[in-house]
Amino acid sequence: TINVGSSTAAGALTTLDGDEVHVDTLNIIGGDATTENSILIAAEHVIANTGIVLTAADAGDAELNISTAATITGDITVSGVDGAGDTIIDVDNATTFAGSIGDSTASVEIMTVATGTATLKGATNAIEGLAITGDGITVDFFGTVAQTFTGAITTATDDHAVLTNSNVTDT
């Protein structure tokens, strides 16, 4: 298990060596003050066997940032009460999410896609808001079961994106 941050302190971790990160559980926990934001900047593939958990139960944010092209394997869930902080996934390069994002009990509050393609292959994608912050972005809901997205989608002026709901078998 890797813990980034705690309920009383910010945490920051940037992966550097280009090798995959293998972990049972990855917890990113925002602290109890607005300045106690916790972030994991993934510069390579992340394989979380039992999942990635974002917790923003107080004032600090919990953020997963993907800085280079990568595959994120493992469900991403939200834990704890919904505090003043946000649960954030920031996609800064082409990223494939092999597991679900959010679930029927809690959703990720913000997903920002700035560059490339975000491919969401999970059975569930519970995301409250999708922000397109670059031009030529593609977001592909590419699961083998029906995909549902109920959040708001926002773009900046003159930014263009393609959203697809493929719902086909990934081969």
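What percentage of the 171 residues in the protein do buried residues make up? Buried residues make up 46% of them, where buried means under 20% relative accessible area, exposed over 50% and partly exposed in between, with a 1.4 Å probe and protein chains only. This is a predicted model, in which local features need pLDDT of at least 70 and side-chain atom pairs count only at pLDDT 80 or more, while totals for chains, interfaces and linings use all residues. Residues are numbered from 1 along each chain as its sequence is written, and side-chain values use heavy atoms, with hydrogens and water left out.

**Overall form**

- The protein has 0 helices and 16 strands; helices (H or I, at least four residues) and strands (E, at least two) are DSSP runs, numbered from the N terminus.
- The radius of gyration, taken over C-alpha atoms, is 15 Å, close to the 16 Å given by the globule rule for 171 residues, so the protein is as compact as a globular protein of that length. The globule rule is 2.2 Å times the number of residues to the power 0.38.
- The C-alpha trace spans about 40 × 35 × 30 Å along its principal axes.
- Of the contacts with a separation of 6 or more, 60% are between residues 24 or more positions apart; contact means heavy atoms within 4.5 Å.

- In β6, 5 of 5 residues are buried.
- Ala 62, Leu 64 and Ile 66 are on one side of β6, and Glu 63 and Asn 65 on the other.
- Strand β4 (residues 38-42) runs parallel to β6 and is joined to it by 5 bridges; two strands pair if DSSP finds at least two bridges between them. Ala 42 has Ile 66 as its bridge partner in β6.
- Strand β9 (residues 87-91) is also parallel to β6, with 5 bridges joining them. Asn 65 has Asp 90 as its bridge partner in β9.

- Thr 68 is in the loop between β6 (62-66) and β7 (70-73).
- Thr 68 is partly exposed because its relative accessible area is 30%.
- Leaving out residues up to four places away in sequence, Thr 68 touches Ala 42, Ala 43, Glu 44, Asn 93 and Ala 94.
- The C-alpha atoms of Thr 68 and Asp 92 are separated by 6.9 Å, although the two residues are 24 residues apart along the chain.
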